[in-house]
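Thank you for making the time this morning. I would like to walk you through one model, so please have a look at it before I go on.

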Amino acid sequence: MRLTSRVAPVTLALAIAALLLGVLPTQALARPGRAPDRVTVGDRTFIADGQGRALQWRGFNLADKSSHGSNAFADIHESDLEGMAARGFNLARLAFFWDDLEPSPGHYDRGYLSTMRRILDWADRYHIKVILDAHQDVYGPHFGSRGVPDWATRDEGLPFTPIPDDWFSEYFEPSVQTAFDHLYKDADLRAAHARMWMTVAAALGGHPALLGYDLMNEPFAKFLEGEDLPAAAGRFEATELTDLWNRLARAIRLVDRASWVFVEPTVIVGLGVPTRMGHIDDPHAGYAPHFYETAMETGADYDPNGTFIPAYEAAISDYPTRNRMPVIVGEWGGNPYVPHASQFVTDMTASLDRFSSGWTWWQWCRGGGYCFLDQTGAAKPNSRLLVQPYARAVAGDPLAFAYDPATRTYTLTFRTRDDAEGPTQITVPNDTYPGGYRVDVQGGKASWARHAQTVAVTAHGRAGATYNVTISPR
């Protein structure tokens, strides 16, 4: 049996009370004298490193939903991080479950946190950053899934009917919606939710592999009488969801001032409906929507002539542009065996390059479904198209970047800045150019060097100069 410990000191209780009363403004928690670690170029914002370079991210979700208790995370191994890095990826979104972390109120499983730290250690070994995802599906175990603990579930005794062939429809069960409603409104559950995140951030916030926290996977809400899905989502996003994200961000800032917090809209954005979320009052807030093609989610093939991608792009960018938030798409994916899977991956990665600074595919695993690997551990044929060159660190403003899988040509245009130092680093996965590649740099005076899977371009000209980098097969 794992040892657990109770974490509820008076000071923590007072801090949570202050959070719930709204008397700890996030602005006061920002590090004095330091600008937010971001770079805004036109209508897009990037996370920046300590050298002022604009960062980009490519990677996978890591999730083990079937293992519980002392066996939690059993299906996640060091070799998974090693395999990602070997293909040039630099980000993992690690799902954890509140029901495992806090099996009874105030009792946190320290062994669970230790296992999370071990996975972060593996990630650091292979130079991969991690976003910790507080995952839930259909609220939690009370409804036969994972997420919010049973003790934090209040469904008012309403009936629940499982729908195995269409699990997402279970979100529309009144009992499930009522449980979400209590989580957002009941003072003791709000405090427990904040305390959970404070515990995670206090234990793991200083880890060198940690990029940030995805505060809750795919939040849902209770419908009011007469509301359809768009109306309910819009009302919820503008009120309770905005309040939830700000409340949890303030809780994390009591123990971790540096890591990023990532917030999600409701899944309605996947239908091309703009979010109505309000401002997240945090100096390191990022936007982490999901990007699933609705028809493919129900088993259909991808339609290359469909309107899904244009509608999504038109809807997704206004909110992060207005709030100067970096966009890292937390989940996207599809069946790699449908007839148009190759075109799906090509179109989606091109779209992601147009509006985001990074993404994590669902998921890194072996087997069927959306798994990147087959049962033998080899990348599935169409999944291999995810392995592409990308500029993981740009010493300046990324003006344009794209990869053409038909010609295997990558292009990057960037403009140098006074406050950006070091080389521009372009990841060139070994699998992309088995016969070798050539690099062409045009613009101001520059030099480049090759190190393992990285092309490092150093600009020697004045600030404000524009450079064009092209990488193509030899």
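Predicted model: local features only at pLDDT ≥ 70, side-chain atom pairs only at ≥ 80, totals over all residues.

Residues are numbered from 1 along each chain as its sequence is written, and side-chain values use heavy atoms, with hydrogens and water left out.

As for confidence, pLDDT is the predictor's confidence in each residue, from 0 to 100, and the protein has a mean of 93, with 92% of its residues reaching 70 or more. Confidence is lowest in strand E1 (residues 4-6), at a mean of 38, and highest in E8, at 99. Over residues 1-11 the pLDDT is below 50, although this stretch has 24 contacts in the model beyond near neighbours in sequence, a contact being heavy atoms within 4.5 Å.

Back to E6 (residues 91-96), where six of six residues are buried, that is, under 20% relative accessible area, with exposed meaning over 50% and partly exposed in between, for a 1.4 Å probe and protein chains only. In a regular strand the side chains alternate between the two faces of the sheet. In E6, Leu 91, Arg 93 and Ala 95 point one way, Ala 92, Leu 94 and Phe 96 point the other way, and all are buried. Ala 92 stands opposite Phe 60, whereas Arg 93 has Ile 131 in E8 as its bridge partner. E6 and E8 (residues 129-134) pair in the parallel sense over six bridges.

Let me finish with Ile 309, which is found in helix H9 (residues 308-316). Why does Ile 309 count as buried? It does so because its relative accessibility is 8%. Leaving aside neighbours within four places in sequence, Ile 309 is in contact with Phe 291, Tyr 302, Asp 347, Met 348, Ser 351 and Arg 354. Gly 272, 37 residues away from Ile 309 in sequence, lies 8.6 Å from it, C-alpha to C-alpha.

How values were computed
Helix = DSSP H or I, 4+ residues; strand = E, 2+ residues; numbered from the N terminus. Pairing = 2+ DSSP bridges.
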